[in-house]
Amino acid sequence: MGAGERNGGVSLADLLGTFSLATDLGLGQPMEHVLRSWWIAGRIGEHMGLGEAERADLYYTAVLAWVGCVADTPEVASWFGDDIAFRADSFGVDFSGLPAMAFMVQHAGAGSSPWHRLRLATTLVATGGRGVERGLASHCVSTSTMAERLGLSARVGDGLRQFFSRWDGTGVPDGVGGDRIARSMRLFHLADVVEVFHRTAGVEAAVDVARVRRGTKFDPVIVDVFCAAAPEVLADLTDDLDLLAVVAGDPVLQQPLVGRGLDDALEVVADFTDLRSSYRAGHSRGVARLAGRAADAAGLPAGDVEAVRRAGLLHDVGLHGVPASILDKPGPLTATESERLRANSYYTERMLARPPALARLAEIASLSHERLDGSGYHRGLTGAALPATARILAAADAFHAMTEPRPHRPALSSREATAALRHDVRAGRLAPDAVDAVLTAAGAARPRRRTGPAGLTPREVEVLVLIARGASTRQVARRLGIAPKTAGTHIERIYGKTGVSTRSGAALAAVAHGLLDTLGPLDP
């Protein structure tokens, strides 16, 4: 049973609700902006008689609508510098015609030289912002593609292609407006903006912005419904409202992900995360594949191998909170830029820890930048505090990143990356057994016999973890489905291989090798 499935499973709605927290970071908004917008749209929809199918469409439309911003990130960054700051400021503008052009000119080349800013502003005016428009179209196509890969309905995909459309028909695609825009998208158009104004300035400001953009950006009927019921619609939107719990309890959103279905969905999240930088395409998949093979080569139990591989797919989701101008900077980062980059593992932990079914993957994924000597981030953990799964993921991520090009350097050869990892082992930063397993999995070292720490077999690793947690021989047998006599034989072999003679000694050995991340809670 998989890491997520053991804890009751995860639904597609759970996963996408979690991923929407990453989207919030890329918008320069607090976490749960997208979920709060969905909540508002749903309350308005209740007043308009939305049926169950349309309610489900509305949720998936809301949590995916902004995901495509990773596709237009290079375009936005090239025009406006910090793509996150640009998007955060854009909520205050009715993005059409002269107001949109004035906003873009004001933000053109932010952070660059006056001459560069003038050149970009002039080009924007001369071309009517056609380059930006192409980026918006790319956003919509990418988001629709994601919906298709996730197996969502054609209604959701079609609605997502209309994200930058407007009621008055002046958006993208050109001429699409009015009732031709899916109602789920029209609801989200209003809620997405209203949420920001309500959170920052209250109910009155939310109503005012809805009225000002009525008939231009927003559907007049939806605006009128909202304005008539705004205090009621927004009353329950408090800081202590657990929106992910609301999602988990909504019967129309229960599409479970298990086995290959979960892997497929995680791969979609990984692929879209990597789009934040043109240098990172395929990075998360590559790390996941390498880490999974390395965990297997290291002799970890099958559940740990699966967890490491899945954590590899998710380890960079926190990069949604890092501007592309930092990720793709060709020169050295400033101290402030370095801190923003280092925050990505903190974001990863915060986002993934929310659904209980993803908590273990969150723990492993968020430790991918930690080092044994405490020089890593974001916690600065050392030694035994880092489980074997995280040690392997850290080594796999380091090796794979070295063999990919980055804006400040070309890709290293396998030989060069191997030497760099060996140097980190000698310096005490990476675990030698984890590096050996990664290099074996990468084909950069001669394959060794598949054994775990201290020569333990995968089954012996499972037994060691259980007795380290206080399990009796009978509890070990019951948990693993083996005879008590067989469990006792495993324990004796573990004592011999680890050089201990007591259960307390076995517990210390498990801690030293970072094995207490394995398996689930001990059965009573």
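The lining of the second largest cavity has eight nonpolar residues, one polar residue and no charged residues. This is a predicted model. The second largest cavity holds about 50 Å³ of space. Its lining is made up of Leu 15, Thr 18, Phe 19, Ala 22, Val 269, Leu 314, Val 317, Met 351 and Leu 352. Two elements, α1 (12-26) and α19 (344-352), each give two or more residues to this lining. Helix α1 supplies the largest share, four residues.

In total, the structure holds four cavities of 30 Å³ or more. Leu 367, Glu 370, Arg 371 and Leu 372 are among the residues that line the largest cavity. Its lining has seven nonpolar, no polar and four charged residues.

**A helix with buried residues**

Helix α27 spans residues 503-512, and Gly 505, Ala 506, Ala 507, Ala 509 and Ala 510 are buried in it. The cover over these buried residues includes α24 (458-468) and α26 (484-498). Just after α27, Gly 514 takes a positive phi of about 65°.

**Cysteines**

The disulfide count is zero. Cys 69 is buried, with a relative accessible area of 2%. Cys 227 also counts as buried, at 15% relative accessibility.

**Salt bridges**

Side chains of opposite charge can pair when their charged atoms come close. The count here comes to 34 salt bridges. Three of them are listed below.

| Pair | N to O distance |
|---|---|
| Glu 267 and Arg 285 | 3.5 Å |
| Arg 342 and Glu 339 | 3.7 Å |
| Asp 436 and Arg 422 | 2.6 Å |

What parts does the pair of Asp 436 and Arg 422 tie together? Asp 436 lies in helix α23 (residues 432-441) and Arg 422 in helix α22 (residues 414-426), so the pair joins parts 14 residues apart in sequence. Asp 436 counts as buried at 17% relative accessibility, while Arg 422 is partly exposed at 28%.

Arg 342 and Glu 339 both sit in helix α18 (residues 335-342), three residues apart, so about one helical turn separates them. Arg 342 is partly exposed, at 31% relative accessibility.

Glu 267 is buried, with a relative accessible area of 15%.

Key:
Residues are numbered from 1 along each chain as its sequence is written. This is a predicted model: local features need pLDDT of at least 70, side-chain atom pairs count only at pLDDT 80 or more; totals for chains, interfaces and linings use all residues. Side-chain values use heavy atoms; hydrogens and water are left out. On a 1 Å grid over the protein atoms alone, a cavity is a set of points where a 1.4 Å probe fits but cannot get out, and a pocket is an open set with protein on both sides within 12 Å along at least five of seven lines; lining residues have an atom within 4 Å of a point. Grid points are joined across faces, edges and corners, and a volume is the space filled by probe spheres set on the points. Ala, Val, Leu, Ile, Met, Phe, Trp, Tyr, Cys and Pro count as nonpolar, Asp, Glu, Lys and Arg as charged, and the others, Gly among them, as polar. Buried means under 20% relative accessible area, exposed over 50%, partly exposed in between (1.4 Å probe, protein chains only). Contact means heavy atoms within 4.5 Å. A disulfide is a pair of cysteine sulfur atoms within 2.5 Å. A salt bridge is a side-chain nitrogen of Lys or Arg within 4 Å of a carboxyl oxygen of Asp or Glu.
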